Amino acid sequence: ETRRRYPLDIFVNYEKMPQVRCPTAIIHGLSDTIVPDRCGKALHKLAPNPFEACWLEGYGHNDMPYDPLFMYAISFLAKLKRDPPAYADSSRGVNV
């Protein structure tokens, strides 16, 4: 059971992730001592519509470099612009 594997996850993201309909981007430092990278990897596996994850070698929870994060965010947003989710409502005026 997943709950037993993550007893301190107060957000219970592993229970919520299978219901997330939108494309999901995950960024995680592989040297994170606050939230182990296995948690990010498990969430990525559970995501119904995952974008390629960004695993940052040598970085932890609060020390990630800005440039790779921004480049990753730009590539995620570009993907959404190229291939918007079928349920996206363009009448709301959101531009990427």
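Start at Val 12, in the loop between helix H1 (2-5) and helix H2 (13-16); helices (H or I, at least four residues) and strands (E, at least two) are DSSP runs, numbered from the N terminus. The model is predicted: local features need pLDDT of at least 70, side-chain atom pairs count only at pLDDT 80 or more, and totals for chains, interfaces and linings use all residues. Residues are numbered from 1 along each chain as its sequence is written, and side-chain values use heavy atoms, with hydrogens and water left out.

Stay on Val 12 and check its backbone: phi is positive, about 40°, although Val 12 is not a glycine. Most residues other than glycine have a negative phi. Val 12 counts as buried because its relative accessibility is 17%; buried means under 20% relative accessible area, exposed over 50%, and partly exposed in between (1.4 Å probe, protein chains only).

Next, select helix H4 (residues 66-82). H4 has 17 residues and spans 24 Å from its first C-alpha to its last, close to the 24 Å expected at 1.5 Å a residue; the expected span is 1.5 Å times one less than the number of residues. Colour Leu 69, Tyr 72 and Phe 76, which are buried in H4. These residues are on the same side of H4, because they cover an arc of only 65° around the axis, taken from the directions from the helix axis to the C-beta atoms. The buried residues of H4 pack against strand S1 (27-29) and strand S2 (54-56), where contact means heavy atoms within 4.5 Å.

Now show the aromatic rings. The count comes to three aromatic pairs. The Tyr 66 and Phe 70 pair is stacked, because the ring centres are 5.9 Å apart and the planes are at 15°. Rings of Phe, Tyr and Trp (its six-membered ring) pair if their centres lie within 6.5 Å; planes under 30 degrees apart count as stacked, over 60 as edge-to-face and the rest as tilted. Tyr 66 and Phe 70 lie four residues apart in H4, about one turn of the helix, and both are exposed. Then select Phe 51, Tyr 72 and Phe 76, which ring pairs link into a cluster.

Move to Trp 55: the charged end of Lys 41 sits over its ring, 5.9 Å from the centre. The rule asks for NZ of Lys or CZ of Arg within 6 Å of the ring centre and within 35 degrees of the ring normal.

Finish with the cysteines. Cys 39 counts as buried at 18% relative accessibility, and Cys 54 counts as buried at 11%. The whole structure has zero disulfides, a disulfide being a pair of cysteine sulfur atoms within 2.5 Å.
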